[in-house]
Structure formats: structure tokens, C-alpha cells
Amino acid sequence: MLEKKDCCESVSKFIQDIKQKKISGSYNIAISTVELLKKLIIQTEWKTAEELLKIIQDESKHLHQNLPLYPTVESMVGRILKIIREEYINGREDRPDADAGVIQSLQRLMLAESPAEDYKSIVPELQEAILEHITELETELENSMFDFSADNIVQQACEHIHSNEIILTIGKSSLVEAFLKAAAAERKFEVIVAECAPFCLGHEMAVRLARSKIETTVIADSSVFALMSRVNKVIIGTHTIMANGGLRAVCGSHSVALAAKHFSVPVYVLAPMYKLITTYLCSYDQDAFNCFVSPEGVLHYSDGAILSKVHVYNPVFDYVPPELVTLFISNNGGHAPSYVYRLNSELYRLDDK
Amino acid sequence: MSNTCGNKLKSSETMKKEDVLQAVVICDNFNSWFEPVSFYVPVPLIPLVNSPILEYSLEFLSLSGVQEVILFCCSHADRFKKYIKNSKWSKRSALMSVSVMVSESCRTLGDAMRDLDAKAVIRSDFILLTADVIANIQLLPILERHRKFAKQDKGAVMTILYKEAGPGHNTRSPEDETVLAVDSSTNRILFHKKVGQTSKKIVFPLETFMDRSKTELLYNLQATRIYLCSPAVPPLFSDNFDFQSLDDFVRGILMNEEILASTIYWHCLDTAEYAAQISTWHMYQAVSHDIIHRWVYPLVPDVTLTASGERYMYLRHNVYQQKSAKLAKGCVLEEDVVLAEDTVIGENTYITSSVIGRNCVIGKNVFVSNSYLWDNVVLEDNSRVEFSVVASGTVLKNGCKLGQGCIVGPETVLDANKDIKNAYLVASTSVLKDDGNENISDRKIVKIGEKAFMYTCITEDSDSEEETKICHPSGLILDSQGESEEESDDDLTGSNDMSYRASPVPDDVNLFFNEVLDSLSRGIEDKLDCDHLILEINSSRYAYNVTVQEVNYNVVRALLSLPSSSTSFAEIKKGLAYFMPILKKYIRNDEAQKDCLQAIEDTIGGKSELWDSLPKLLHILYGNDILEEDAIMEWYNTTDETSPTATAIRKEVQPLIKWLEEADAESDSSESE
């Protein structure tokens, strides 16, 4: 059994690795978060589910404080907390209601919660049960990766992209890239990539698409509206899905979505379930939502004297309200934004914040 | 005399010793730029936007993957030890080990390096920096580069990092203005000179340019004071006792390249990376500005440096505020303001471009602009602070005014209604005397209160300040008042077309033009045959891949811009006569004539003294059948109304046009007869 300090060390190692970008990409972060929590569950000392929940919640606070802009970490912690609760209820001998804990019907959601559980009684083989359940979660994660298992996002590509369509996307998303490539294996279509200044990751995306023989055009962000009338579908990735179905996506997505709305072009958002979080948008500013990075790229640092006379901002994210999104394509099928609340209550316990 | 204390991690011990990336941080700047504050607080522990400067450098090293840091202290060693002990770096969860090494006998950086050599703690390539460096660089790729240099060149001992920043950039330290000559194929530094603001002339040794395909001269660089060194650097300091600073080192190595068999390379940071050294109050101000404007992201108050306290909120107009700061009714935080925890601000107070520390109490109707207030400062009602640094614990009583670059030492108490400009203030004279610093005891010290003594700054180098900013002896830039502002605006517009980045690659057409100009001037000097010159021009045409049109245009332009013919028409005439075969060769059709006329207009248009000879020039060309009447008339009639020169030139040639028209009419009439 490890002491508290040692688990602290592995948590700060994890934070450091993410900050230094040794672990990058939301999928990898999800996997390693689960690894980390598994380690916590196995290696720390706890007797009841309550203690375990406490340990994980403490670490989760610490993680959230240090990595406020990595929703994947948050959502994985939420998933695991939920797993612990479920397994506790399942494993308890004096289960109040045979199927109450597991099967949540639509009706049950509307009813008042059953009296608060205290998680204090000792459940035999709770750890084994939890770990087994986590393995299921891991399999689910692996399926949402872009390889060839049955129910993943990329497999759905051909259902959404048809021959000779023009698809518009913005910036770089490895998921969108894999999605388009999968469709390109069977059909021929054209892709327009908005460059997504000032980072211009769209250039890289276009190069990769063009390499796999997809007809690709890069455009400036300002010409999105002009070209939207010719576009059949907008397919974008996202950083996070907020609890109301809105997106925290790369800067420029909002204008793309608005242009699409104007021309009644459907907007599909590719998002594996681990991008879903339980927070709502409360302000567009840094501490709650956005991230302002160095203004280099908007204005060059080498430009000299002008810098002391101007304010330059370089926000990373845009908020896209849920009404502009047509469909979320996730690893368990397509969902409308209005359905996100339901997914949320299925995946997490909402009072686990 | 010296000892080490530190905490090694288990993990770093299990790692192979050579793989551990080491950084040596020198915790002393060996000068008195930061007095009087530096008498009380060692410079690396001075708060910069409410965190000690050292915290930024350690955070930077940790983020860039350094595993072991050696803090090399020469004075105030116990303060550093205490600081590290209480900081997050000594917690077990820290992934970077920080050890403090003390050597009180060191007086210069050179001594420190020699001491380091004697202690033999350096195992492989290491990073050398002073504790006052703020950066957000990824060091590992640059280290790779350094190793590559070292592989190609056994003598490569150091890679110096520079950041691109144009002249006039606020974050360029006036003390650190450097001119660099580098070999652009190998990135080796050939010449390095610090130019003060006074010297206007630089002499480059001839070897800088000899036997090299390409040498770059650079003056758009800001020194970052981060050095990647090979293990050979400390021994080099030991061998050469006259190396006192890193500048000495660089100069010495470059001068005695053969004897010491060592070379130095440079690396220009990626545009997204930031690095600067806080060497003076000026830099303190500039870097604070850069941090508040987020150039140093992620080292900004609301992201990284919050381990100790609560988070900062980042609000619009670059206002950073901790939640427990209390603002009264009617107070305004204009822009670029940082407010730390538990600070209380009274009614109708106005704050702009300032940093306010923890637990400060600011009264009613206070005005604070462009100032840096450290922790526990009290500003009573109606006081006014501009362009000043106020160290911790200072109290300004009712109605005090501080302005124009005051530096106030800690715990000073200023009585009511004092108005002080441009001075250093300290709480007691004892620090000044204790320190035994001669040039301080010379100064006039005025007692202005029980706990307030004032002495004015020595004006050592205020002689030739640039017009763009009024630079104060203490180094703070004061640039918001009326007159100077106008001046600086003029200056800006004047230099707007100046490029602050490296000069652009000359385009092919320009190269072609220069080539043609060379050929022609050589031709007229050596009396070369025109046929040979045509051949030469043709070959350059293919070499630079220019169109026929550009060839015609540039040949005529070159002909008129020959150095000999730049002033008098007689010379031009001589040139024209000599090169007539060339013109005949190139100007053969209507299009070419158009280009030719355009070239004449552009070239002569720039030299108003030649305008009156323009008709004669056209006449010669007409007489030699280079230009036809129709082409001239067409050119004459297509004026660009907007350009005054074009209209003026056409006015000049009016007599010729008249003459042409008459001649035309005559010939018409003669034909009709």
C-alpha cells in the first residue's frame, strides 16, 4: 500500500506530463487518466466506498485546479466515481430494490432520488468489482479510438458523407481527419478546410487530407461565409461538449456554425463521449470558459515599439450554442443536442462535482 | 565556506546520471542596478507581478524538462535556502530537484564559474542562466541543436539564445544592445559587440567576411541571457582568470578562437517563445508589461503561478484580480492591473497599468498609474503614485505624491503631503553605510521623515537619451506626458516603413537590375564591346528568370542610373551614345518602347534636377529611331492624374510634343501636296 505522498507524486507527475505535452490528444489523456485513477484505487488504503470516493474527489479537485482546460480528465473522474457508486450498490447485500441502482428508466429520472446513500457499509470484493467495471470503460474508450472496432465514430463516416459532396471543416482535428479518410476510402468527395488563424492548423490538416488523395482546398477564415452556399455539410471536431449541448470549440467555429445556419447547412460535430462535461457556460471569460494565450501570431513580438501601445488578445476557444449544432456523432451513435442532458445523467452523477 | 543542501528524488537517483539535464542558476547579478531595494531583498526574490522572479525561472526550467537545478548563491544564501525549503520545489511531489550551492567569496560570475569547476558538479551539457531570466522556451529541442553543433565542431562550447525584437522594442535592455555577425550556414558567431547608446560606429574585423559564402549582421536581437554550455565551459573560466562575466567570456573566446580552440554558436528563438532578463528597473517594467499582456504564456498570473494562493481571475482589459481583493464603490481599474489577495481599495480610487501586492490598503481618491506596489503597502487618502516602485511595508500618509521614477525601499514611512519626484527613498541610512559601497556614501542623503531618507539618483548615462522615451536614471520609462508623447508619435510615423525583422530576401528582378547596372558601369569604364554586354545581360536574364518586359525596363533604368550619369545630362548623353547598340537591340517594338518610356519616367522622375533635360533625352532617342512618335504621344497622353511627378514631367516635355506635332502636320501636308 502506498502512502498519501506517493500517490500525490504520481498525480503531480501526471499533471506535469500534461502540461509539458508529453501526454497530448484527448484520447491519450483519457486513457492515462483512467490509468492514474486505477492506480489510486489499487494502491491507496481504503475500507469503504465512502473513503475511496473521498480520496478520488480530493485528487479530482487538485487535478481540476491545475488542469482547468482539460475536460477529459474531469469527465473520466466523473465516470469512475459513478462506477464506484454503482458497484457499491450492486455489491451491497441489503440491496433496497433489486434493479433500482442499475436500470434507470426515463421515468425514474423524473422522480425524486431515493434517500441518500452513505456508502459506509463494507462491501466484499468491492475493489475487484470496480476494477472489472473500469476495464469495461477502457474497452469503450478503445472503441472510440479510430481503429476498426464495430461501434466507433469513424465507422459511421459512410452513413454521413455521400458521393460528390462538399464538406467544410475548420482547423485540425485528428478525429475529423480519420473520419474523412474513412469515407474517402469508399467515395469521392471534396473538402474545404478553413485555415483557423492565427494558429493555422488547418494548413496541416489540408496537407494530411491531400496526402490521402482527398480533393482539398484551404481557405481563409474570412471566406467561410462566401463559400458556405456551396457546402453540403459542415463536419467539425470540438474541445468539449458543455452540459447544455453547446460547444467549446476552436476559435472560428462559431462563425462557421452561424454561416451554416444562414445557408441551412447541417453541422455535424464529432465527439467521443469523454468530451462531455457537466458544466454549463456562465461567462465567456478566461476563468470560466476560455483560454487566452500569447498574442504572438496576431501581432509579432518583434514588431517593436507598437507593442506597448496596443492590447492584443488571442483567445483559443469559441462557444457555439446548441441550437447551431445539428447532430453529435459519438461512439454510441448520433445524438441531437437536446439529448445531451440525458447522456449526462446516464454517464455521470450530477452531484459529483 | 561552502556547503550544499538539497533534496534528491529517488527517481532522479535511479536515472543515469548523464541523462539528467542540469541547469545552473546564478542567484546574483553582481551589480547595483536594483538599489536601494537590493540592499534588503536579493534580486531574484523581488516580486514580479506578485511572484518572486526566481519562481518564474524555476517554473520555466521545470516546464522545459530540466531535472536538476543548482542554485548558485553568493550572498543572502540563507534567504534562498529558506525560500526553497518553503516552496513547492522541496515537496516530494516536485519533479525537479533544486539544490542550493553557496560560495560567499564570489564577486563576479567568473568566480562563480571557477568555483563550479572546482566542485565538479557538472556532468554533461548544461543550461546556464541567471536567476532573473523569465522565459517560456522548450529547451530540449535547442539542446539537441547544440549537441548537433558539438558533433560537427569539436570546439563548440556554447550556444547563446537570442530573441528577435526590433530596435525600439520596449523589452530591449539599453544596456544589452548587441551587434552580432554570424555565419549563416553554420550558425557560428563570428563577431559580438555590445554597443552602448553612445557609440555610433562599429568596426568589423575583415576575417568576419573572408572565406565565407554568407555572413549575417544582426541588430534586431534581444539578449535572453540563456546559455547552453558544454562541460568545457567551467574549465575555460578556470584557465582564463580575466573572464569576469559572460560577455568577457564571449569576447575572449571569439578573439582567441585558435588558441582556445573553442567556438560559440547562436540560436534564434521561435517567434512564439519568449525570454528576457530582468537586469534593470527598465526591464522590470517591460517584462511586467509583457507578463500582463500574456506574451510569457503560460507564465501568467492566472495559469501557473498560483500554487500558494487562490487563483487569479482574468478579466477584460487585462485586469487580473484575486477574489479576496475588495473594491469600494466608484473605484476604477482601467487596464493592465493586477490585484492580489486581501487588498482593500477605497472609494473613487483610480488604478491603471499597475501591479498591487497582497494585503495592501489603498485609501479613497488615490491615483495609481504605471507603478509597482509590493505586499503590505499602505496608501492613505488622496495620495498619488506614478511611475514608481514601492517596496513592501511602505506607508504613504495622506496626500503624498510620488512620481517620475521613485524607487521606495521597504518599511519607509512618508509623512503627509510630501511631493517627491525622481528619487530613491529608504527607511534608514544604516543600509547605505553598512554596505560599504563607496559611491553611495558620496551621495547627499536628505532626511525627510522619521523613517524616510531620500537621495537622488546618480545620473550616469542620461546624456543621449532617445527621443522616443524619456528614460529615467532609475531606468523606468516615463512615456505618457504631453510633449514627449507628440515627439514619440512623430518618430513613430517616420520609422513606420522600417522593418524590424530580418531584411527580406532581395527579389530576382532587383538582383537582375543590380547585375545589369554592374555590367554597364564596367562596360563604360573598360570600354567593352556592346555585343559582349548584351551577351552578359542576356545570361543574367536567364539566371534570374525575368520576363522580356522587365529586361527592357531594367536595362533602360540601369542605363539612366549609372553612377557617372546620375547628375548631369552631358554624362547621360555620353552613356547613351556609347550604349546605343544595346538600346537598339532591346527596344524593338511598341511594347518595348512603352517599357522604355516608363523606365525613363520612373528614373528621371526621382531626380528633379534632370527634368529640364528630359525633352533632349527623348529627342535623342527619337533621333536614333529608338522611340517612335506614336509611342511618345501615347505615353504623353496617358497621364496618371494622381501623381504630381507624372504631370510635372509631362509639362516639361511639352515643347518636344509640340515640335513633334508640328513636324507631323508638316509631313502630312507635304504628303498631301
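1. Buried means under 20% relative accessible area, exposed over 50%, and partly exposed in between (1.4 Å probe, protein chains only). The model is predicted: local features need pLDDT of at least 70, side-chain atom pairs count only at pLDDT 80 or more, and totals for chains, interfaces and linings use all residues. Residues are numbered from 1 along each chain as its sequence is written, chains are lettered from A in the order in which they are written, and side-chain values use heavy atoms, with hydrogens and water left out.

2. Aromatic pairs. The structure holds 19 of them over all chains. Rings of Phe, Tyr and Trp (its six-membered ring) pair if their centres lie within 6.5 Å; planes under 30 degrees apart count as stacked, over 60 as edge-to-face and the rest as tilted. B:Phe204 and B:Phe209 are edge-to-face, because their planes stand at 70° with the ring centres 6.0 Å apart. B:Phe209 is partly exposed, at 37% relative accessible area. B:Phe204 is also partly exposed, at 24%.

3. B:Phe237 and B:Phe249 are stacked, 4.9 Å centre to centre and with 10° between the planes. B:Phe237 belongs to helix α7 (residues 233-239) of chain B and B:Phe249 to helix α8 (residues 246-255) of chain B, so the pair ties together parts twelve residues apart in sequence. Helices here are DSSP runs of H or I, at least four residues, and strands are runs of E, at least two, numbered from the N terminus. B:Phe237 is buried at 0% relative accessibility. B:Phe249 is buried too, with a relative accessible area of 0%.

4. Charges over rings. The criterion is NZ of Lys or CZ of Arg within 6 Å of the ring centre and within 35 degrees of the ring normal. B:Arg557 places its charged end over the ring of B:Phe513, 3.9 Å from the centre. A:Arg248 lies over the face of A:Phe317, 5.6 Å from the ring centre.

5. Cores. A nonpolar core is a set of buried Ala, Val, Leu, Ile, Met, Phe, Trp, Tyr and Cys residues joined through side-chain atoms within 4.5 Å. The largest has 80 residues; B:Leu61 and B:Ile226 are among those with the most contacts inside it. α3(B) gives the most to this core, with seven residues. A second, separate core of 53 residues includes B:Tyr544 and B:Met580.

6. B:Ser64 lies in the loop between α3 (53-63) and β5 (68-73) of chain B. B:Ser64 is buried, at 1% relative accessible area.
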